[in-house]
Structure formats: C-alpha cells, structure tokens
Amino acid sequence: METPSMEDLLPKTEFEKPRAPLGMKKFTIYRRIDETGVSGAGMVAQGLVFADGQACIQWICPPTAGEVQIRKWETILDAHVRSHPKNRTIITWEDGTQDNYEPKPQDNGE
C-alpha cells in the first residue's frame, strides 16, 4: 500500500471557495512644500493600500489630524498628490522604497 500524500489527506470540497487577494502595503506621505497652506509640509498622512486597490489614509497633521478616508488608491493619488505637483510629495512604502512626485517643467512655470 502506497503512503498517501498530504494533499490526499486534506478534506475534499466540491469547488474552491473564492478568496480575497493577499497582501497590503503600508505607506506615509511626506510633502516638501504645501502650496495650498492647508496641511503644512512634512509628514502629513499614513495609510495602507489593500491588494484590491482600495486604500485607507489617515491625516496626521492639523487641521484634519485623525481624519480617515477610504477610497481607491488612484483616487487618493489624484486628489492629494498629482493635483498638487509643486508639493514635491514623497510616498514611502513599508519596504523603504519611495515614489517621488516632482513637478513637470510646465508646472514650475518653466
């Protein structure tokens, strides 16, 4: 008699149950400049991006400190990063990698 494999010993199901995507990434948002004068420069937010593209962002600076928003990651980027290119925003991920958002020459008035 042949020894059964681990897979043979696991319970059998009629179908594989759907699963949520695995993984999420933590980040911080740092602004070198605050062109609107609302949230200030420096570390302004922290959050995480879920594997399905949804994200949760928490503001850590006045006047909105503690406020939490849940939106699609691309929506957060558009509203708080890409729409303010002069802020020269840096997003730092938990693994230490960074995304730098620098103004294009036309955004600098050049």
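Of the chain's 110 residues, 24% count as buried, where buried means under 20% relative accessible area with a 1.4 Å probe and protein chains only. This is a predicted model, in which local features need pLDDT of at least 70 and side-chain atom pairs count only at pLDDT 80 or more, while totals for chains, interfaces and linings use all residues. Residues are numbered from 1 along each chain as its sequence is written, and side-chain values use heavy atoms, with hydrogens and water left out.

**Fold**
- The chain has two helices and six strands, arranged along the sequence as α-β-β-β-β-α-β-β; helices (H or I, at least four residues) and strands (E, at least two) are DSSP runs numbered from the N terminus.

**Helix α2**
- Within α2 (residues 73-82), the residues W73, I76, L77, H80 and V81 are buried.
- Viewed down the axis of α2, these buried residues fall within an arc of 110°, so they line one face of the helix; the arc is taken from the directions from the helix axis to the C-beta atoms.
- The buried residues of α2 pack against β1 (24-31), β2 (42-50), β3 (54-59), β4 (68-72), β5 (89-93) and β6 (98-101), with contact meaning heavy atoms within 4.5 Å.

**Largest pocket**
- Among the 13 residues that line the largest pocket, R31, V38, S39, W59 and H80 are the closest to its centre; lining residues have an atom within 4 Å of a point on a 1 Å grid over the protein atoms alone, and a pocket is an open set of points where a 1.4 Å probe fits, with protein on both sides within 12 Å along at least five of seven lines.

Conventions
Buried means under 20% relative accessible area, exposed over 50%, partly exposed in between (1.4 Å probe, protein chains only).
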